[in-house]
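Open the model in your viewer and keep the sequence panel beside it. We will go from stop to stop, selecting as we go.

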Amino acid sequence: MSTTQATTVSCPHCGRTNRVPVAAEGSPRCGHCKQPLPWMVDAGDDDFTEVAERADIPVVVDLWATWCGPCRMVSPALEKVATDLAGRIKLVKVDTDKNPRLSRRFEIQAVPTLLILDRGETLARQAGAAPAPALRRWVEQSITARKG
């Protein structure tokens, strides 16, 4: 792993703060209670391959923009899904205005656009905002289909 960036995440189980690398093998666990941690990171044109496509677990990609109202509404819902499915998914957020190569690559026509990637392969795609329960169902169905 060449990315040395890390984010801090509070463990939803014991409340301890943990440093979580933006890219690593496996999925992060709390250093104190050993429970899975939610993995939520930002990525861009330069580090998307390492952060998202090389992940060992399915990645939910949130392609969003700062000026987008629905993006601001879906962000907390995605964070809830990432917390609920800690250890099973990684949430990667990409600001489309700052990362035009990724916007072109994924042919983004509207934001938010959500993708589910498995080792770089797109398993599912959805445009528009949705509440957390609907997003969770979509994510779970998509990652279950990949295994079946």
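Two strands pair if DSSP finds at least two bridges between them. Helices (H or I, at least four residues) and strands (E, at least two) are DSSP runs, numbered from the N terminus.

Before starting, note that this is a predicted model: local features need pLDDT of at least 70, side-chain atom pairs count only at pLDDT 80 or more, and totals for chains, interfaces and linings use all residues. Residues are numbered from 1 along each chain as its sequence is written, and side-chain values use heavy atoms, with hydrogens and water left out.

**Stop 1**

Select residues 6-10, strand β1, and residues 17-21, strand β2. These two strands pair in the antiparallel sense over 5 bridges. Find T8 and look across to R19 in β2, which stands opposite. The hairpin has 6 residues between β1 and β2. In its turn, G15 has a positive phi of about 85°.

Now colour by burial: buried means under 20% relative accessible area, exposed over 50%, partly exposed in between (1.4 Å probe, protein chains only). In a regular strand the side chains alternate between the two faces of the sheet. Which residues of β2 form its covered face? They are N18 and V20. The uncovered face holds T17, R19 and P21.

**Stop 2**

Select C14 and C30. A disulfide is counted here for a pair of cysteine sulfur atoms within 2.5 Å. The sulfur of C14 is 3.6 Å from the closest cysteine sulfur, which belongs to C30, and that is too far for a bond. C14 is partly exposed, at 34% relative accessibility. C30 is buried, with a relative accessible area of 2%.

**Stop 3: the five-stranded sheet**

Show the strands β3 to β7. They make an open sheet of 5 strands with the order β3-β5-β4-β6-β7 and mixed pairing. β3 (40-42) and β7 (121-127) stand at the edges, each with a single partner strand, so one side of each has no neighbour in the sheet. Neighbouring strands of this sheet are turned by 20° against each other on average, direction ignored. For these angles, axes are lines fitted to C-alpha atoms, for helices over the stretch in contact, and angles run from 0 to 180 degrees between N-to-C directions.

β3 runs parallel to β5 (residues 90-95), and 3 bridges join them. D42 stands opposite K93 in β5.

Move to β4 and pick D62, which is found in this strand. Is D62 buried or exposed? D62 counts as buried, at 0% relative accessibility. Contact means heavy atoms within 4.5 Å. Leaving aside neighbours within four places in sequence, D62 is in contact with residues including L78, K93 and T113.

Next, select β6 (113-118). β4 and β6 pair in the antiparallel sense over 5 bridges. V61 has L115 as its bridge partner in β6. On the other side of the pairing list, L115 also stands opposite R125 in β7. 6 bridges join β6 to β7, and these strands run antiparallel. T113 stands opposite A127 in β7. The hairpin of β6 and β7 has 2 residues between the strands, and R119 takes a positive phi near 50° there.

Why is β6 described as largely enclosed by the rest of the structure? Because 6 of the 6 residues of β6 are buried. T113, L115 and L117 are buried on one side, and L114, I116 and D118 on the other.

**Stop 4: helix α2**

Select residues 69-84, helix α2. The helix lies across β3, β4 (59-64), β5 and β6, running at about 160° to β5. Its buried residues are C71, V74, S75, A77, L78, V81 and A82.

Look along the helix for a kink of about 25° at S75, shortly before the proline P76. The bend at a residue is the angle between axes fitted to the seven residues ending there and the seven starting there.

**Stop 5: the disulfide**

Finish with C68 and C71. They form a disulfide, their sulfur atoms 2.5 Å apart. The count comes to 1 disulfide. The torsion about its S-S bond is about 80°, so the disulfide is right-handed. C68 is buried, with a relative accessible area of 3%. C71 is buried too, with a relative accessible area of 3%.
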